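Dear colleague,

Please find below the sequence and structure that I am handing over to you. My notes on the findings follow directly after.

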Amino acid sequence: MNTLPRPFLFVLIGIAIVAMIPPVIIMRMRSTNQTQPRIHWIQDMDNQPKFRAQHANSLFADGRAMRQPVSGTVARGELRADTHFFQGIANDAWATMFPDQARETPDLLARGQEQFTIYCTPCHGPIGYGDGPVNQRALAVMGDPARSKGTTWVEPKSIHDADIIAQPVGQLFNTITNGVRTMGSYKSRISVRDRWAIVAYMRELQQRETANRANAPSVGQPNNQSEGNQP
Ligand code: HEC
């Protein structure tokens, strides 16, 4: 077999080296910070004069670029006429049943457990006795006048208190949605369906602990480690 002629080989090597220059430049440009916007072949209206959120705009009388929704209008998909699902109210009273959009299925309970652990456990504790780490720390601070500096602390309520067990599911839903007394609202952080999921999980916890207390009267105290006294 013939080998390649020498000059041809040099030209090939030369082309290979030159061909590596553009990718090296591109890699370098991509990994370093530039003050100029990068070359943008397809503009897609990415760079254009515009008003950003919270900026001023002299076009409007109030000088704001951000506009309020026209009063009396409802954005698409935002009509919340279903009071059962969105407010926990059915027939002008706290709903006693779960809404159709959030039926008590194993999936809903699992989601509720996850969300309860994220949002409620810090104060209310893993089982809901009001003994979460935030409360424990607050009590430790309150026990030391030098650190508490005259502030007050309202302990998170136990969800196993008789008055909370007696509350309809709609009222529990409302507590998460709007908060209650010193407890804040979670409506901006937890979706409507997830709030119902948490309610379902709270009910599950209440029933489990009630059953546990009935089975073993001596294990009635809050115990933040226990998962109940399962066999
Ligand atoms: C930052 C701490 C904190 C977090 C987090 C918290 N709570 Fe509370 N919760 C409280 C406090 C404090 C109270 C008692 C309020 C009072 O009596 O002023 C309370 C009260 C309650 C009550 C009793 C309401 C009543 O009618 O008396 C329920 C039910 C409840 N919380 C559920 C929840 C659920 C569900 C979550 C999670 C979505 C949650 N809480 C997250 C602090 C918290």
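**The ligand and its surroundings**

An oxygen atom of the ligand is 2.9 Å from an N or O atom in the side chain of Arg181. Please bear in mind that this is a predicted model.

The ligand takes up the space of the largest pocket. It is surrounded by 21 residues, of which Cys120, Cys123, His124, Thr182 and Met183 are the closest. By residue class, the shell around the ligand comprises 14 nonpolar, four polar and three charged residues.

Which helices each supply at least two residues of this shell? They are helix 4 (121-124), helix 8 (169-178) and helix 9 (192-215). The most is given by helix 8, which contributes three residues.

**A residue of helix 8**

Thr175 is part of helix 8. Is Thr175 buried or exposed? Its relative accessibility is 19%, and the residue therefore counts as buried, the cut-off for that class being under 20%. Leaving aside residues up to four places away in sequence, Thr175 touches Val180, Met183 and Gly184. Of these contacts, Met183 is also among the closest residues to the ligand.

With kind regards

Technical notes. Residues numbered from 1 in each chain as written. Predicted model: local features only at pLDDT ≥ 70, side-chain atom pairs only at ≥ 80, totals over all residues. Heavy atoms only, no water. Near = heavy atom within 4 Å. Polar contact = N/O pair within 3.5 Å; in protein donor to acceptor, adjacent residues only side chain to side chain. 1 Å grid on protein atoms, 1.4 Å probe; cavity = no way out; pocket = protein on both sides within 12 Å on 5 of 7 lines; lining within 4 Å. Sits in = over half its atoms within 2 Å of the grid points. Helix = DSSP H or I, 4+ residues; strand = E, 2+ residues; numbered from the N terminus. Nonpolar A, V, L, I, M, F, W, Y, C, P; charged D, E, K, R; others polar. Buried < 20%, exposed > 50% of the residue type's maximum accessible area, 1.4 Å probe, protein only. Contact = heavy atoms within 4.5 Å.
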